[in-house]
Amino acid sequence: MKKLFYAALSVVLSLALVLPVPQAGAAKNTSPDESKGYLWKLEKGKNTVYLLGSIHVATEEMYPLSSTIEKAFAESDKLVVEADIANVDAEQMAKYTLEKASYPEGETLKDHISPELYSQIQELLKSVGLPVNTFDPYEPWYIQMALTNLVGISEEYTKVEGIDQYFLNRAGKREILELEGVEFQIDYFDSMSPSFQEKLLYDSLNNPASGNDAQTLDTMALAWEYGDHERMLSVLNSASASSQAMTLYYQYLNDDRNVGMTEKIKSYLNDGSGDTYFVVAGSAHFLGDSSIVKLLEKDGYKLTRL
């Protein structure tokens, strides 16, 4: 149980979407020599900000990254991530997450979701050899993330570091800043209403178009490798439009948070330090009509896609 908890915590800390179980090798056959990703540059005065839309996991085929990305990172004075998962106290954050994810004493999952959904979760737990009451102490938002690791992510996506971790491991003497931070992200998930959490958990188990199919992550990975803006956006839009609950979830997960992230990025441009900032956040935050890129352009900033 402890292993399952820490596995799920790792998903929370990287703020991954509800990821599918990838099919090993599906993306590597047509991978480019270098991954292009989604990189923008904007300047104000002597300040420069690079924005890299990342994907939180990676395969060996996603490396090396393009020379353009590496050059931008080499020029940077400060690294900015959604949450500094490399320097977090894992034990302390596990305790904090457990406090947020658990029901009050005397209450269990069975008291808060429909009998049909509870039975479905029990059957899933039984199918992977875990006690049927494994998830009883926890709220649906946490279970939704734990399911990713419960079923198991292909080894291909665990052999190498994810894109965010790649840059954190190479930060060197750079100052590491956070757009949000780990506690903020945990609190954010925990703030969803109980009824909405139940709908999302149901969708993650029963909605084939929610992005929980075996092909989705491979498609996202390949789109990132080629820097294929339209393909990545198509995957995200398809999952978002798959149900009313998912539409609201993606708005909550991405659009609403983009406003705060944009304000942080603007502060880096306007601090007069003359520094170069390298900002890494999930690709979904930079793509689409409500993205950080669009919000910056609306405020009069000129961005160059590299």
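Set aside the neighbours within four places in sequence, and serine 76 is in contact with Arg174, Thr276 and Phe278, contact being heavy atoms within 4.5 Å. This is a predicted model, where local features need pLDDT of at least 70, side-chain atom pairs count only at pLDDT 80 or more, and totals for chains, interfaces and linings use all residues. Numbering starts from 1 along each chain as its sequence is written, and side-chain values use heavy atoms, with hydrogens and water left out.

Serine 76 sits in the loop between helix H2 (67-75) and strand S3 (78-81); helices (H or I, at least four residues) and strands (E, at least two) are DSSP runs, numbered from the N terminus. With a relative accessible area of 6%, serine 76 is buried (under 20%, using a 1.4 Å probe and protein chains only).

Now to the second largest pocket, which holds about 240 Å³ of space. Its lining has 16 residues, and Asn237, Ser240, Tyr250, Asp255 and Leu287 are the closest to the centre. H11 (244-269) and H10 (229-240) each supply at least two lining residues, and H11 gives the most, with 6 residues.

The axes of H10 and H11 come within 7 Å and cross at roughly 125°. That makes H10 oblique to H11. Leu236, Ala239 and Ser240 of H10 meet Met246, Thr247 and Tyr250 of H11 in this contact.

Technical notes. Buried means under 20% relative accessible area, exposed over 50%, partly exposed in between (1.4 Å probe, protein chains only). On a 1 Å grid over the protein atoms alone, a cavity is a set of points where a 1.4 Å probe fits but cannot get out, and a pocket is an open set with protein on both sides within 12 Å along at least five of seven lines; lining residues have an atom within 4 Å of a point. Grid points are joined across faces, edges and corners, and a volume is the space filled by probe spheres set on the points. Axes are lines fitted to C-alpha atoms, for helices over the stretch in contact, and angles run from 0 to 180 degrees between N-to-C directions. Angles under 35 degrees count as roughly parallel, over 145 as roughly antiparallel, 65 to 115 as roughly perpendicular and the rest as oblique.
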